[in-house]
Amino acid sequence: MKRRNFIKTTAIGAAGLSMYHLYALDPRTDRFVNNRYCKQPGAEIPVIAEVDILVAGATLGGVAAASAAAEAGSEVFLVGYLPYLGEDICGTYRYLFDKQNVVDSYAFAEQTGGGGDYPGKLAARLFPGRDNISPMHIKTVLEKELIDRNVNFLYSSYVVDIVFGDDDKPAGVIINNRTGRQAVLCRSIIDCTQGAYAARLAGASFIKPDDAAGIPCKFITIGNSAETMERNGSEELTLPASVNDKSYRVIEHSGSVPRKGFSFISLANAEQDIRDRTWDADQVDSADNMFWTAPYILKSKGSTAGLPAGLRDIPLQAFMPEGMDNVFVLGSCAGVDEQTALELTLPHHQLYLGHKVGLGASGAARSQSKPLTYATRALNGTEYLQGETGEISETLRPNLGNKKVWADETALPVLGEYDVVIAGGGTAGAPAAISAARNGVKTLVMEYLHGLGGTGTLGLIGRYWYGHRDGFTSEIDRGVRGMADPSHPRQKSGDHEWVVDWKMEWYRREIRKAGGEIWFGVIAAGAFVENGKVKGVLIATPEGRGVVLAGQVIDSTGSADIAIAAGAEYEYVGKSTVAVQGSGLPKVDPGDHYNNTDWTFVDDSDVFDVTRVFISGKKKFPGAWDLGKLPQTRERRRVLAEFMVSPIDMLNGRRYPDTISYHVSNFDTHGYTVHPYFIIRQPDGGHVTYDVDLPLRSLLPRGLDGIIVTGLGAGAHRDAMPVIRMQPCLQNQGYAVGLLAARIIRENVTARSIDLRDIQRHLAEIGNLPGRVVTDDDNMPLPDEAFTGAIAKIGNDFEMLEVLFTDLDRGVELLKEAVINSDDHNIRLNCAIALGVLGTDTGWRLLTEALAAEEEWDEGWNFTGMHQFGHSLSRLDIITIALGRCRRDETMPSIMRMAGMLKPSHYFSHFRAVSVAFETLGNSKAAPLLFDLLGMEGMTGHHVVTRTDAVRATVPSTEDVTLRNNVLKELHLARALYRCGDHYGLGRQILENYSNDLHGHYFRHAAGILGLAPGFE
């Protein structure tokens, strides 16, 4: 069990400064709900880096500036909000498919001697004379540039506050991501964000043009029909999107964003409006963001009038805010006129001017003295709401240090108020939004990425495996097919698969049609709580942080982010286990719908791990059109709910009076199991399916009202999740929860007090649930005769063992009696195995004899993940673990004999078995043998601590076998060695290496064992 790890406050957090400077541009405040605020007390923020220069924004200019500064000897850190570099060109597709841009950029490279100057070198790599450049190519070149220059960077993070030194100068930033808030201290800041958001936070002044004129914006789509282009008066760009033997037209659509009241929310709404009118069934891709320039102009040290005709001659002062000597604004908000601002965004100008600003910032950094103290500045609100804010604040890797900075108490604006707020628009979140909005309540769904549907769309797993496909899922499937004529060439053959961009658009349209609102580009960063009731969601946006109030919150983050921030406890990888289902990240070609992978482990709530997997993915799929934007994770944090569904409930077909969703699947494990039952008897392999009911109580975090958790974050044992997590079932679950949330609002009740039978009847009528649930009651405990019948069958491969596990007190007594009294040796041995795994030594002699009869190991099990079903331990593995759990020193010789037979070529399960047995016994006699096992060739040194390590360690296979098995062997042996007293300190040394690993699961496990990470139990 993981203790909740969050900062508790009296409202919400540190990004109010961005709103303050927005007021300086536009004094109106009526776009906030009744001008209300939440107050967040001061807090300590962990420092993850101290550098010379911080670059905010992962644009072409930002990378050029970072690289130039690094070349000049500065230490640089770059922060991007998307999961890739090139936000301005890959995020908007602006200029990527423009022939003139390619010609100009290549000419620029040639003019500088193919790169005699640094910007020319980078331009030559980005635009190597080809007619078409893929997003993957741009992202890969930019990423390699930073890695080669030793520039540190993080993806999926917003700059939300500025740190000031005691000299009152900007001296760092605070960033926000799914891991929490972190600080990066620096001497100079280069702001490359689209709206100069970091400079605004720092106090820079801007000149705001006439309110009457809207801000022109462009939105680019790929593959649309000529009819759509003509209807919108759109323009086809000069280069097609070409991959393999296919080419697609690239279309630029025009729009406008009101300058008056310009804000992140107005941009979010404008994005939905332009998507409404530009999508058609031929579209195979679209930009993440709209392209827009200069909503306001920097009041700079240099004059904005009479600038030289050549952009390369623009003085450095035009990029420096008035009154500041260590802040630079590189982008369309720089101190130039609006026409020049547009020219600044051209790639070759960004590269050149980025280089220029990077060198200037490097010089400015050298002239800055290091502050003695650091702190943020506060914003004072007007009317404050009563309540507390909670935000996730995960323990960070030890090699990042333990320095902290103080974030002063501040006010955060209320950005909106809704009946139902859904955090996360994925597999369950999008259906929940549709259902809530259809039931007449004011609904908002917020999603970090720029598309809905999660794993089944942006995750490129556009095909069902198992799952209950009736109910709302059948409506989804019909609706997605109905997005185009049955004869459309992109139609799929059946309900089991779909066109992913059709599905994203169907979700989006249905939410909009029902009156719901959608905000893309939002990180759900915390919760607003009053007296144990969650009343809102804390969010991070490009502008900063704020609060969205809600009558009912649906946590569809997939990792129970909001519930954990509100104070809920949870289960996950940590000190006790490193078992986790395999993950992947797919390549993407236009029109792809199914690229299912399993080649890594990813903790998608760990921003360092997320950054690592996007780096590795580019080596994994060289030459692909693009890389997916959503890791394919199959296991995440699980909230401790009022009821935790266990594998035993699943295997015994348990029923409940409050069933809310129905799940059908085989045991799609993608890894190995840890539940005692599955150590003894492995889940059935292949196509044996289980029917599982999920009660509402498993979606309700203990001790919290006002919040419902869906999807992979629900309350269930990790070994039950492979059956529960199928997409059709979670789509139905989302619909059910959306309906429930709407009823809660309309009836003014809570999830715990509502009469669920009427909702169950409706769900049964539409096919979401079997009809029986309306009258179901709990069918536990089982009668005595079920237990005696189970004992009689245990000799037959542990048949009916699940019955004994429903009540371990009764079960253990019957197992003991059978070991002593049964005449059947097979029954006696199997009962001894079961008792040993459960920590009872009654049959230890039988287990010792069983091992003594074996002269070598049986086949064993290696981690492959994909297409992996059935057992994860061999018969000898099971006996070895059971013998160790008997906790008798007399068993040591037998276990040591088995361990002594191990060779590097043996499968992982054998190393796991002896490690678990030894560490359970904790006998120091095992230490020398474990030390010798770790000394075998290839057994150590598999940790990944740097971005260079991540590239080096990536194996060119979409279903990695070797790397994960090598790591798991090393970790299990080192853990056992450490717990058996260690030998020459090798166990600790290896665990310390992994406590700094970029893989979040390895870090959590090793740091938890060493006591370096509070909360990672």
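Is E497 buried or exposed? E497 is buried, at 12% relative accessibility, where buried means under 20% relative accessible area, exposed means over 50%, and partly exposed lies in between, with a 1.4 Å probe and protein chains only. I will come back to this residue after some background.

This is a predicted model, in which local features need pLDDT of at least 70 and side-chain atom pairs count only at pLDDT 80 or more, while totals for chains, interfaces and linings use all residues. Residues are numbered from 1 along each chain as its sequence is written, and side-chain values use heavy atoms, with hydrogens and water left out.

First, confidence. pLDDT is the predictor's confidence in each residue, from 0 to 100. The chain has a mean pLDDT of 92, and 95% of its residues reach 70 or more. Residues 1-32 stay under 50. For that stretch the model has 140 contacts beyond four places in sequence, a contact being heavy atoms within 4.5 Å. Where pLDDT is low, the predicted coordinates should not be read in detail.

Next, cavities. On a 1 Å grid over the protein atoms alone, a cavity is a set of points where a 1.4 Å probe fits but cannot get out, and its lining residues have an atom within 4 Å of a point. Grid points are joined across faces, edges and corners, and a volume is the space filled by probe spheres set on the points. The structure holds ten cavities of 30 Å³ or more.

The largest cavity contains about 680 Å³ of space. Its lining has 39 residues, and Y81, T193, Q194, N289 and W292 lie nearest its centre. Helices here are DSSP runs of H or I with at least four residues, strands are runs of E with at least two, and both are numbered from the N terminus. Helix 8 gives the most to this lining, with four residues. The lining of the largest cavity divides into 21 nonpolar, 15 polar and three charged residues. Ala, Val, Leu, Ile, Met, Phe, Trp, Tyr, Cys and Pro count as nonpolar, Asp, Glu, Lys and Arg as charged, and the others, Gly among them, as polar.

The second largest cavity has a volume of about 490 Å³. It is lined by 33 residues, with D285, S286, L458, D501 and M504 nearest its centre. Helix 13 gives the most here, with five residues. By class, this lining has 15 nonpolar, eight polar and ten charged residues. Helix 8 supplies at least two residues to this lining.

Last, salt bridges: a side-chain nitrogen of Lys or Arg within 4 Å of a carboxyl oxygen of Asp or Glu. The structure holds 67 of them.

Back to E497. Its side chain meets that of R463 in a salt bridge, 3.3 Å from N to O. The pair links distant parts of the chain, 34 residues apart. R463 is partly exposed, at 30%.

Because they are four residues apart in helix 13, about one helical turn separates them. E505 is buried at 5%, whereas R509 is partly exposed at 33%. Both belong to a network of salt bridges that links D273, D276, E505, R508, R509 and R512.

E802 lies in helix 22 and R681 in a loop between helix 17 and strand 36, so the pair ties together parts 121 residues apart in sequence. E802 is buried, at 14%.

How values were computed
On a 1 Å grid over the protein atoms alone, a cavity is a set of points where a 1.4 Å probe fits but cannot get out, and a pocket is an open set with protein on both sides within 12 Å along at least five of seven lines; lining residues have an atom within 4 Å of a point.
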